[in-house]
Amino acid sequence: MAERQHQGEKIKPLGFLKPISLRKVPGRFQTHQNSLPRLPVPPLQQTLDHYLQILQPIVSEEEWNNTKQLVEEFRGSGGVGERLQKSLERRARKTENWLSEWWLKTAYLQYRQPVVIHSSPGLVLPKQDFVDSQGQLRFAAKLIEGALDFKAMIDNETLPVEYLGGKPLCMNQYYQILSSCRIPGPKQDSVINFSKTTKPPMHITVVHNFQFFELDVYHSDGTPLTSDQIFIQLEKIWNSSLQTNKEPIGILTTNHRNTWAKAYTNLIKDKTNKASVRSIQKSIFTVCLDAPMPRVSDDIYKSRVAGQMLHGGGSKQNSGNRWFDKTLQFIVAEDGSCGLVYEHAAAEGPPIVALLDHIVEFSKKPELVRSPMIPLPMPKKLRFNISPEIKSDIEKAKQNLNIMVQDLDLTVLVFHHFGKNFPKSEKMSPDGFIQMALQLAYYRIYGHTCSTYESASLRMFHLGRTDTIRSNSIDSFRFVKAMDDSNSTEQMKVELLRKAVLTHRSYTDKAIRGEAIDRHLLGLKLQAIEDLVSIPEIFMDTSYAIAMHFNLSTSQVPAKTDCVMCFGPVVPDGYGVCYNPMAEHINFVVSAYNSCAETNAARLAHYLEKALLDMRTLLQEHPRAKL
């Protein structure tokens, strides 16, 4: 089920956004959206040729020959492939985006694993310098004020349009991340967005010591509260929730989706509970005021913080201080660790990072005037009636979550030897360079290569989400084999590395133009299911299963802020690798599962560091001839 990946898209991060105007510009967003091109359906023969190419380094010769036969049957004139392709092209003419609804369902809403670790990415911010609750609440207040400042641009439709390679991008995801929430269902979840309702939400949810509060962040005249005013409100919340003796109701959201759907139906039978849950779902976003983490040594501190952002550390730590169905949850702990976690159905990483970069810039601005201290109402505590059945659901959710938390192996690597400036100085794509280092690290550990997923943005198209960059190519395979082969000259290695990086760059360009193979193949398969024809042999083949089993699931999420995202592996014997290449260093988070004896996050991180250094040495010792 690797299909739901992922966050990173190759987009230059936004700068600090200055509102173009504070006046509303109604209709501007819609006009922009309508001008975007529609996602194309790639030519069938091109996709099938590509498919056979990407299989070469990952399947045996016998499997490849067998698949080649199936592909030839599928692509034959008047065959099933052509029929499905025509149906898909018809669908593309009739819909705004032939893929988006299918993708939302298959990648997210019908995916039944818990959203925690398996789907929702976490993001780690640099440690803040406060060490007590006063500092924690001041920082949280400033963060809320910055988020509301960004929200004003969304509401007024004055958010500057982003560009990629000179082309304008779809901005729809920005309109999905606030005031929205996922709702569990027995077979399929749904996402509700309250921002366009007649009475849009004016409150956020604040969680402290497993207790939920509704905090109004606007005055009756529609102006937002200032950070001073928010701080006072947060203090009231803090002081009225000093004990953690309450049932951690939020833990229920960490469960398997079917289990949670059942518990959810039961939970909201009670009127009080229903109103409390509705308040959380409707809120603009959630702020989790966490307890400090257990003290650990400096070298593992960052990896533990990544865990706090991804899953909360388990039921004895901060996992009960979340509502994981909420699209956006900011996390601020008493010890200065902070970040966020977001529910993936609504958006990829870049819009979240753009919001974050804005907040970070905003919070650097000095307070020009002290706000008037007007009396503000007490934030409303959300009540829950816990029946014995709900109590038992909470206990089971705790047990399941703690097993998941124990099983996740996370390593944060701050690679400080060089950043994206080095590959740039060698006229190489920094992303391609990093991806080749990952290929080399994996090959050195396992002696073979694997199916590799890297997400590419389809936001050049109306309602575009992602497609897959297949970083493992025939050229990358040739490079990693040659790198430690005594029969290869250094000059050959340099040429193979440069060629592999160029191949990666060209596949990336194809992907962002809508010409990658993964979503197209998925579309053909889903079209077969929809047309009630039998599923073509090509999709029942071992090679297809190997191609879709992503042992390396990777994502570049660039940001101005020195942060990094993280997510769990998408297969039991795989790795999740997320990275943010800064000018002079690179932040990585590597994840694996402890239950798999073959994988180890720290080992991959170690080999990745060595691969990056070896590749630099190779290039530095064999400079390009000056033309």
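Strands are DSSP runs of at least two residues, numbered from the N terminus. Tyr453 belongs to one such run, strand E13, which covers residues 452-457. The structure described here is a predicted model.

**Strand E13 and its annotated residues**

An unreviewed UniProt entry lists Tyr453, Ser455 and Thr466 under "binding site". Tyr453 has a relative accessibility of 1% and counts as buried. Its side chain makes a polar contact of 2.6 Å with the side chain of Arg519. Arg519 also takes part in a contact with a ring: its charged end sits over the ring of Trp103, 3.8 Å from the ring centre. Ser455 is placed in strand E13 as well. With a relative accessible area of 1%, Ser455 is buried, and its side chain is joined to that of Ser555 by a polar contact of 3.3 Å.

**A second set of annotated positions**

The unreviewed UniProt entry gives another "binding site" list, made up of Lys420, Lys424, Ser425, Glu426, Lys427, Met428, Ser429, Pro430, Asp431, Ser457, Arg505 and Gln556. These residues do not all gather at one spot, because they span 137 residues in sequence and the farthest two C-alpha atoms are 25.3 Å apart.

Two members of this list can be described further. Met428 lies in the loop between helix H13 (421-425) and helix H14 (430-446). Its relative accessible area is 6%, so Met428 is buried. Apart from residues up to four places away in sequence, Met428 touches Pro423, Phe433, Leu497, Arg498, Val501 and Leu619. Ser429 is in the loop between H13 and H14, and at 14% relative accessibility Ser429 counts as buried. The cut-off that applies here is 20% relative accessible area, under which a residue is called buried. With neighbours within four places in sequence left aside, Ser429 is in contact with Pro423, Val501 and Arg505. Arg505 is itself one of the residues in the UniProt list.

**Aromatic rings**

The whole structure contains 20 aromatic pairs. One of them is formed by Phe74 and Phe539, whose rings are edge-to-face, with 6.1 Å centre to centre and 80° between the planes. Phe74 lies in helix H3 (residues 61-75), while Phe539 lies in the loop between helix H17 (518-530) and helix H18 (542-547); the pair therefore ties together parts that are 465 residues apart in sequence. Phe74 counts as buried at 3% relative accessibility, and Phe539 counts as buried at 6%.

Trp260 and Tyr264 form an edge-to-face pair, 5.4 Å centre to centre with 80° between the planes. These two residues are four apart in helix H8 (residues 257-267), so about one helical turn separates them. Both Trp260 and Tyr264 are buried. The two also belong to a cluster linked by ring pairs, together with Phe212, Trp323 and Phe384.

A charge over a ring is found at Trp102 too, where the charged end of Arg91 sits 3.6 Å from the ring centre.

**The E4-E5 hairpin**

Strand E4 (residues 180-183) and strand E5 (residues 190-193) run antiparallel and are joined by four bridges. In one of these, Ser180 has Asn193 of E5 as its bridge partner. The hairpin connecting E4 to E5 passes through six residues.

Asp189 is found in the loop between E4 and E5. At 2% relative accessibility, Asp189 counts as buried. The side chain of Asp189 makes a polar contact of 2.8 Å with the side chain of Arg182. A polar atom of the Asp189 side chain also lies 2.9 Å from the backbone nitrogen of Gly185. Beyond residues up to four places away in sequence, Asp189 touches Leu109, Arg112, Arg182, Ile183, Pro184 and Arg257.

**Asn321**

Asn321 is in the loop between helix H10 (298-310) and strand E9 (328-333). Its relative accessible area is 1%, so Asn321 is buried. A polar atom of its side chain lies 3.3 Å from the backbone nitrogen of Asn209. Leaving aside neighbours within four places in sequence, the contacts of Asn321 are Val207, His208, Asn209, Phe210, Cys288, Leu289 and Asp290.

**Polar side-chain distances**

| Side chain | Partner | Distance |
|---|---|---|
| Tyr453 | Arg519 side chain | 2.6 Å |
| Asp189 | Arg182 side chain | 2.8 Å |
| Ser455 | Ser555 side chain | 3.3 Å |

Definitions and conventions
Residues are numbered from 1 along each chain as its sequence is written. This is a predicted model: local features need pLDDT of at least 70, side-chain atom pairs count only at pLDDT 80 or more; totals for chains, interfaces and linings use all residues. Side-chain values use heavy atoms; hydrogens and water are left out. Rings of Phe, Tyr and Trp (its six-membered ring) pair if their centres lie within 6.5 Å; planes under 30 degrees apart count as stacked, over 60 as edge-to-face and the rest as tilted. Buried means under 20% relative accessible area, exposed over 50%, partly exposed in between (1.4 Å probe, protein chains only). A charge sits over a ring if NZ of Lys or CZ of Arg is within 6 Å of the ring centre and within 35 degrees of the ring normal. UniProt positions are given in the numbering used here, feature names are shortened, and annotations may be inferred rather than shown by experiment. Contact means heavy atoms within 4.5 Å. Two strands pair if DSSP finds at least two bridges between them. A polar contact is a pair of N or O atoms within 3.5 Å; within protein, one must be able to donate a hydrogen and the other to accept it, and residues adjacent in sequence count only if both atoms are side-chain atoms.
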